[in-house]
Amino acid sequence: MRFVLDCDLSESTGPWDQGLLQSRIAGLTLLERHLLGFQRAGVDRVELCGAPDDGELDRLLEGCRIDGLSLVRCDARPENGEVIVQRADTLIDPRLLSRLVAESSASDGFSDQGNAKRSIVFLDRYRENYPSDRKSTFRFGVPEQQDVQELSSVERSGNGFYPIGLGYHSAQTGQPDLALEVGRFYWHRVRHSGDAKEATRKVLLSTMKATDGFYAKLNRRMSLLISRLLVGTPVTANLVTLTTLLFGVAAAGLYAVGTYGAMVGGAFLAWFASMLDGVDGELARARFEESDFGCWLEMVCDYLFYIVLFPGMGWGLYQSTGSPVWWWMGLGSSLGTVVSFAVIARQRKRYAEVGSASDFGHAFHETVVSEKSPLMRFIRNSKFIANRAASPYYFFILTVLGLVKFMLIVIFLGTVLTPILTPYASSFMRGADPPSER
């Protein structure tokens, strides 16, 4: 199968190729985003057809080399054979391209009464650059079962659907055999540098996770603003992760002072660190920089945040009450967090044998939601509160109300139960060993 980036856009007005080569969308040029999207879909060779033949383009193409992916010129879009074509002036959610590659590979099932395969296209309800908020800002780009519908033909799709410029063809015919609705995935025409701002907004919104709960979505309102400021700078996702940990250390230091005002200040820094915790993932996903190392670094720093914060709480209560039991409870909570980290890291490593380590959190969430036993219901409800996004909100509220003692007791009990309940819940995950075999 051939993969073509189509630059022969006769209906375009203005110097659209400047958008392809010069506009920076979430830190990358449109051309780089095309190539990285093809690479993510498993493509190793892309043909650039109909591009202007000038020295500037050649120099820019030299600077857009992607490891494992070759980019070559062709005079015109192929008229025969199997080919996936993408408009060069259109930013496409890479998950759409991956879906199309998968559908085209299995397209024998879509042939017309045994005849040769012909075409599949993506359609959307909006003809051109719709505003991001037309697709529900805080669900934008989140893949859900009902959001990507297979439409058997363009006629059946209704008059409100339009092709976005991404399609598979094995013969050049006027009517596709299969049409896929875009759903909440993003796309955007980028004809000049002025389109980059809204395109960047769409890319960042698409970094939201399907597992984002109420508190995570609340944090996104701030973290997405910060990510937008940082995405075009040299600041890396891993640097943001380490900075987040420093805020956690500062929060622990304020809690350790033991006065009401200092503890409230520590609770505020803990919340800010929680909000900032989303920025590293947003930057990594927006720039195609996700890595196993980054995933593990974030996990380690998340646990270090609690490992230093809980003793800070305990020492602060010891300072204010004179009772050493709170100091020992803070240390015990920290030790329980270390054990929890070891247990969860082991479960993540086991899951990585059948899937991606970065998908462990999503798979764990889906497991506790799908299982209906009372114990799994308890784990699900506890997980809703005791997660990185939610817990700092409760820290802040309870600290303001002067209930730090009650909060530390609950934390201590939680760190005791987590190493016990996590392996039990993980045993039901896809690809995990059955509970009886452990």
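## About the model

Because the model is predicted, local features need pLDDT of at least 70 and side-chain atom pairs count only at pLDDT 80 or more, while totals for chains, interfaces and linings use all residues. Residues are numbered from 1 along each chain as its sequence is written, and side-chain values use heavy atoms, with hydrogens and water left out.

## Salt bridges

Side chains of opposite charge can pair when their charged atoms come close. The structure holds 13 salt bridges, a salt bridge being a side-chain nitrogen of Lys or Arg within 4 Å of a carboxyl oxygen of Asp or Glu. One of them pairs D124 with K135, at 3.1 Å from N to O. D124 sits in strand β8 and K135 in the loop between β8 and β9, so this pair ties together parts that are 11 residues apart in sequence. Helices (H or I, at least four residues) and strands (E, at least two) are DSSP runs, numbered from the N terminus. Both D124 and K135 are buried; buried means under 20% relative accessible area, exposed over 50%, and partly exposed in between (1.4 Å probe, protein chains only).

Let's turn to two further pairs. R45 and E47 meet at 3.2 Å, N to O; R45 is partly exposed at 41%, whereas E47 is buried at 5%. Salt bridges that share partners join R2, R45 and E47 into one network. D93 and R95 form a salt bridge at 2.8 Å, N to O, with D93 buried at 1% and R95 partly exposed at 30%.

## Around S132

S132 also belongs to the loop between β8 (119-124) and β9 (150-151). With a relative accessibility of 1%, S132 is buried. Beyond its neighbours within four places in sequence, S132 has contacts (heavy atoms within 4.5 Å) with F140, E198, R201, K202 and L205.

## A nonpolar surface patch

On the surface, Y260, F268, F396, I397, V400, L401, L403, F406 and V410 make up a nonpolar patch with about 830 Å² of accessible area together. The elements giving two or more residues to this patch are α9 (260-286), α14 (391-400) and α15 (404-426), and α14 gives the most, with 3 residues. Patches are built from residues with over 30% relative accessible area and no salt bridge, joining like charges within 9 Å and nonpolar side chains (Val, Leu, Ile, Met, Phe, Trp, Tyr) within 5 Å. Accessible areas come from the Shrake-Rupley method with a 1.4 Å probe, and for residues only the protein chains shown count as cover.

L403, one of the patch residues, lies in the loop between α14 and α15. L403 is partly exposed, at 36% relative accessible area.
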